[in-house]
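Please read them with the structure open beside you.

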Amino acid sequence: MGKVIVVTSGKGGVGKTTSSAALGAALAQGGDKVVVVDFDVGLRNLDLVMGAERRVVYDLVNVIQGEAKLTQALIRDKRVETLYLLPASQTRDKDNLTPEGVEKVINSLKKAFDWVICDSPAGIERGATLAMRHADVAIVVTNPEVSSVRDSDRIIGLLDAKTVRAESGERVEKHLLLTRYDPARASRGDMLKVDDVLEILSIPLLGIIPESMDVLRASNLGAPVTLADEGSAPARAYFDAVRRLKGDAIPVTVPGEKRGFFGKIFGRKAA
Amino acid sequence: MNLFRFFSKPQSAPAARERLQVLLAHERASVGGSDLVTKLREEILKVIAKHMQVDDDKVSVKMERGAKMSTLAVDVEIPFDATRKAAAAAAAKVPGKKAA
């Protein structure tokens with residue numbers, strides 16, 4: 001049985017879709033069978049970020065409403081053959097996502113894939129709660145900025161209350177992915193420190209993704225950043241995050257921090 | 001290092017512009033379900049369903065939306081059984097055979 005991951009944040013624009021695509025691609029590049037599911041009904045964008053926007057025939061709502069089979073709606077990536085996308089509907093109302101329908105789809109996907117990555121919409125409404133509902137693991141995407149941290153805290157609360165695991169007394173494994181980290185601003189002291197965010201949210205750190213032109217370039221080209229430029233700083237950060245997700249205890253490096261800080265970094269608990 | 005990389009790579013903005021133009025042209029056209037490719041897809045599947053029981057797993061539909069043209073590929077696995085039944089039905093309709 002595959003693992004279900006929700007990529008969530010509460011706040012919009014922090015990098016959920018970019019991270020879903022990059023983490024999904026990175027896992028698939030390592031040979032795992034991965035499906036990335038877009039839960040943002042009405043405002044889908046994962047297809048665009050993954051470069052499959054011209055090939056969408058059926059979507060999640062079609063499958064839930066019985067208008068198409070799951071196998072018909074899955075789009076295989078043209079570059080990595082173990083990577084699949086299940087797009088959201090662009091035209092339908094999000095009320096078409098039913099809890100029973102979502103459960104059925106997730107259960108079928110779990111049987112066929114090693115990883116089911118649910119790209120949550122922003123907010124705390126139906127789409128977001130359904131995206132996290134069946135998660136085994138949650139990746140909370142946060143920017144080092146006050147409103148993002150506050151919204152992440154809210155989402156962590158929901159993960160502990162509204163998921164199937166929480167309701168049955170189990171725990172959803174939670175990880176923090178700090179994105180759009182700007183070393184220049186950090187060195188000027190104008191950005192929340194990594195340790196501050198970690199202390200406030202008190203969940204383990206999965207990785208720090210630096211703010212980078214490479215992320216924008218990748219989305220322009222319609223490729224997850226781990227595929228668009230494997231050697232770029234954000235791609236390497238995503239590859240490391242994936243290794244930690246799979247249990248490797250590799251230290252987290254803070255972009256832009258000097259080697260003198262290495263001891264401190266080493267001391268930080270990795271996810 | 002960063003500057004070097006910046007200049008050595010082709011610009012990505014033109015690709016973004018072109019992708020958006022194609023996508024939005026299709027999306028605007030499909031408001032109200034009037035997108036030709038979608039309509040064709042639905043009608044082709046209806047015609048197939050008229051002649052045989054369609055097992056969704058045996059039908060694969062692929063689309064590729066382009067700037068100058070789009071492609072629609074409908075792959076249907078037709079079981080031998082359905083072919084035979086259709087032939088029998090056609091034979092029954094021939095007047096000469098009916099008389100015999």
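1. A:Glu211 is partly exposed, because its relative accessibility is 39% (buried means under 20% relative accessible area, exposed over 50% and partly exposed in between, with a 1.4 Å probe and protein chains only). A:Arg180 also has 39% relative accessibility, so A:Arg180 counts as partly exposed. The side chains of A:Arg180 and A:Glu211 form a salt bridge, 3.3 Å from N to O (a side-chain nitrogen of Lys or Arg within 4 Å of a carboxyl oxygen of Asp or Glu). This pair links distant parts of the chain, 31 residues apart: A:Arg180 is in strand β7 of chain A, and A:Glu211 is in the loop between β8 (205-210) and α11 of chain A. Helices (H or I, at least four residues) and strands (E, at least two) are DSSP runs, numbered from the N terminus.

2. This is a predicted model, in which local features need pLDDT of at least 70 and side-chain atom pairs count only at pLDDT 80 or more, while totals for chains, interfaces and linings use all residues. Residues are numbered from 1 along each chain as its sequence is written, chains are lettered from A and ligands numbered from 1 in the order in which they are written, and side-chain values use heavy atoms, with hydrogens and water left out.

3. The closest N and O atoms of A:Lys174 and A:Asp160 are 2.7 Å apart. A:Lys174 lies in strand β7 (residues 173-181) of chain A and A:Asp160 in the loop between α7 (146-159) and α8, so the pair ties together parts 14 residues apart in sequence. Are the two residues buried or exposed? A:Lys174 counts as buried because its relative accessibility is 8%, whereas A:Asp160 is partly exposed, with a relative accessible area of 46%.

4. A:Arg133 and A:Glu167 also meet through their side chains in a salt bridge, at 3.0 Å from N to O. Distant parts of the chain are linked here: A:Arg133 belongs to helix α6 (residues 126-133) and A:Glu167 to helix α8 (residues 164-167) of chain A, 34 residues apart. A:Arg133 has a relative accessible area of 23%, so A:Arg133 is partly exposed.

5. A:Asp136, A:Arg165 and A:Glu170 are joined in a network of salt bridges. Over all chains, the structure holds 16 salt bridges.

6. How many salt bridges are there between chain A and chain B? The count is three. In a salt bridge of A:Arg54 with B:Glu18, the side chains meet at 3.4 Å, N to O. Chain A gives 23 residues to the contact and chain B gives 27 residues (contact means heavy atoms within 4.5 Å). About 2,100 Å² is buried between the two chains, and carbon and sulfur atoms give 41% of this area (buried area is the accessible area, with a 1.4 Å probe, that two parts lose on being put together, summed over both).

7. A:Asn62 is placed in helix α3 (residues 60-64) of chain A. A:Asn62 counts as buried because its relative accessibility is 10%. Leaving out residues up to four places away in sequence, A:Asn62 touches A:Val57, A:Glu67, A:Ala68 and A:Arg92.
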